[in-house]
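User: I have a model open and want to go through some of its side chains. Can you take my questions one at a time?

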Amino acid sequence: DKSNTKADHPNGGRTHDWFYLSLSKGRWNDIVDITDPTTLGLIAGVIIVLLFVASGIRIVRPTHRAVIERLGKYNRYQEPGLIWIVPFVEKQISVNITEQMTEAMEQEIITKDNLNAKVDAQVYFKVEPTEPSVKASLYNVYNYSQQIIALAQTSLRNVIGGKDFVE
């Protein structure tokens with residue numbers, strides 16, 4: 001003998017409805033059957049989708065520009081701001097576009113009149129904030145900052161080596 005009937009249930013026997021409007025009370029009442037496999041699957045699915053979307057959110061700072069690679073191949077160039085990438089498929093690589101300073105190590109150079117001179121230098125450089133410049137800094141050389149230092153040292157040796165010590 002069942003003591004509860006359909007009419008006794010607050011929503012008229014619809015036990016698997018998520019929401020119902022109780023007109024007699026004039027308010028929304030939430031009924032969620034947490035043990036229902038459909039409800040659990042839906043909640044788990046929503047959580048997984050939210051985590052997937054949230055894991056793709058990236059920020060490109062105003063002092064940087066970004067290149068997005070999809071499966072290891074160049075896909076697009078990104079300006080500063082909030083961006084979204086496809087997680088596990090795309091990768092963001094940021095390049096600093098501010099002026100940077102580095103030391104060129106001290107070198108001993110032989111001048112044109114065969115005298116030894118010790119020379120060190122400071123190198124200032126920056127990557128231009130354009131798509132071709134950012135792509136070139138990533139794809140045309142292995143490490144652009146080391147390449148710039150090596151180029152500065154070579155240029156310094158050539159310039160000082162071509163001068164007399166008195167110059």
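User: Is phenylalanine 52 buried, partly exposed or exposed?

Analyst: Keep in mind that this is a predicted model. Phenylalanine 52 has a relative accessible area of 36%. Buried means under 20% and exposed means over 50%. Phenylalanine 52 is therefore partly exposed.

User: How many aromatic pairs does the structure hold, and what is the geometry of phenylalanine 52 and tryptophan 84?

Analyst: The structure holds 3 aromatic pairs. In one of them, phenylalanine 52 and tryptophan 84 have ring centres 6.4 Å apart and planes at 70 degrees. Planes over 60 degrees apart count as edge-to-face. So the pair of phenylalanine 52 and tryptophan 84 is edge-to-face.

User: Which parts of the chain does that pair link?

Analyst: Phenylalanine 52 and tryptophan 84 are 32 residues apart. The pair links helix α1 (residues 37–55) to strand β6 (residues 81–84).

User: What is the geometry of phenylalanine 125 and tyrosine 144?

Analyst: Phenylalanine 125 lies in strand β9 and tyrosine 144 in helix α3. Their ring centres are 6.3 Å apart, with the planes at 85 degrees. That angle makes the pair edge-to-face.

User: Is tyrosine 144 buried or exposed?

Analyst: The cut-off for buried is under 20% relative accessible area. Tyrosine 144 comes in at 18%, so tyrosine 144 counts as buried.

User: Which elements do the buried residues of α3 pack against?

Analyst: The buried residues in α3 include Tyr144, Ile149 and Gln153. The buried residues of α3 pack against β7 (90–96), β8 (100–110), β9 (116–125) and α2.

Note on methods:
Residues are numbered from 1 along each chain as its sequence is written. This is a predicted model: local features need pLDDT of at least 70, side-chain atom pairs count only at pLDDT 80 or more; totals for chains, interfaces and linings use all residues. Side-chain values use heavy atoms; hydrogens and water are left out. Buried means under 20% relative accessible area, exposed over 50%, partly exposed in between (1.4 Å probe, protein chains only). Helices (H or I, at least four residues) and strands (E, at least two) are DSSP runs, numbered from the N terminus. Contact means heavy atoms within 4.5 Å. Rings of Phe, Tyr and Trp (its six-membered ring) pair if their centres lie within 6.5 Å; planes under 30 degrees apart count as stacked, over 60 as edge-to-face and the rest as tilted.
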